[in-house]
Amino acid sequence: MAAKIGLFFGTTTGKTEAAADMICEAFGGKEQVALHDIARAKPEDFAPTPA
Ligand SMILES: Cc1cc2nc3c(=O)[nH]c(=O)nc-3n(C[C@H](O)[C@H](O)[C@H](O)COP(=O)(O)O)c2cc1C
């Protein structure tokens, strides 16, 4: 089963979110990467996400 890459970030100013967005794009965008703000992440976000 193909799964997305889970990319979790924590940010206060938004700069780390911007960096995470760039990393996401470098890895093929949201088709390939499940991007999560750790402060709002739910337990199910840590389970494999089908690509
Ligand atoms: C909710 C939250 C969770 C974080 N978790 C981690 C962590 O697990 N490991 C780490 O190295 N830094 C963690 N950080 C720190 C930030 O990623 C780091 O300080 C970053 O430089 C924040 O900069 P920014 O607010 O300008 O984006 C966390 C920050 C926040 C707000």
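What share of the contacts with a separation of 6 or more comes from residues 24 or more positions apart? I found 60% in the protein. I count two residues as in contact if their C-beta atoms, placed from the backbone, lie within 7 Å.

**Ground rules.** This is a predicted model: local features need pLDDT of at least 70, side-chain atom pairs count only at pLDDT 80 or more, and totals for chains, interfaces and linings use all residues. Residues are numbered from 1 along each chain as its sequence is written.

**Elements.** I looked up the parts list. The protein has two strands and one helix. Helices (H or I, at least four residues) and strands (E, at least two) are DSSP runs, numbered from the N terminus. Along the sequence the pattern reads β-α-β.

**Strand pairing.** E1 covers residues 5-9 and E2 covers residues 33-37. The two pair in the parallel sense over five bridges. Strands pair if DSSP finds at least two bridges between them. I checked two positions. Gly 6 stands opposite Ala 34 in E2, and Leu 7 stands opposite Leu 35 in E2.

**Handedness.** Helix H1 spans residues 15-26. Together, E1, H1 and E2 make a right-handed β-α-β unit. Right-handed means that, with the strands pointing away from the viewer, the path from the first strand over the helix to the second runs clockwise.

**Ligand.** Next I listed the shell around the ligand. The shell holds Gly 10, Thr 11, Thr 12, Thr 13, Gly 14, Lys 15, Thr 16, Ile 38 and Ala 39. These divide into six polar, two nonpolar and one charged. Here Ala, Val, Leu, Ile, Met, Phe, Trp, Tyr, Cys and Pro count as nonpolar, Asp, Glu, Lys and Arg as charged, and the others, Gly among them, as polar.

**Burial.** Buried residues make up 2% of the 51 residues. Buried means 20 or more other C-beta atoms within 10 Å of a residue's own, exposed means 12 or fewer, and partly exposed is in between; C-beta atoms are placed from the backbone.

**Pro 43.** I found Pro 43 in the segment after E2. Pro 43 counts as exposed because it has 6 C-beta neighbours inside 10 Å.

**Extent.** The C-alpha trace spans about 35 × 25 × 10 Å along its principal axes.

Terms used. A residue is near a molecule or strand if its C-beta atom, placed from the backbone, lies within 6 Å of it.
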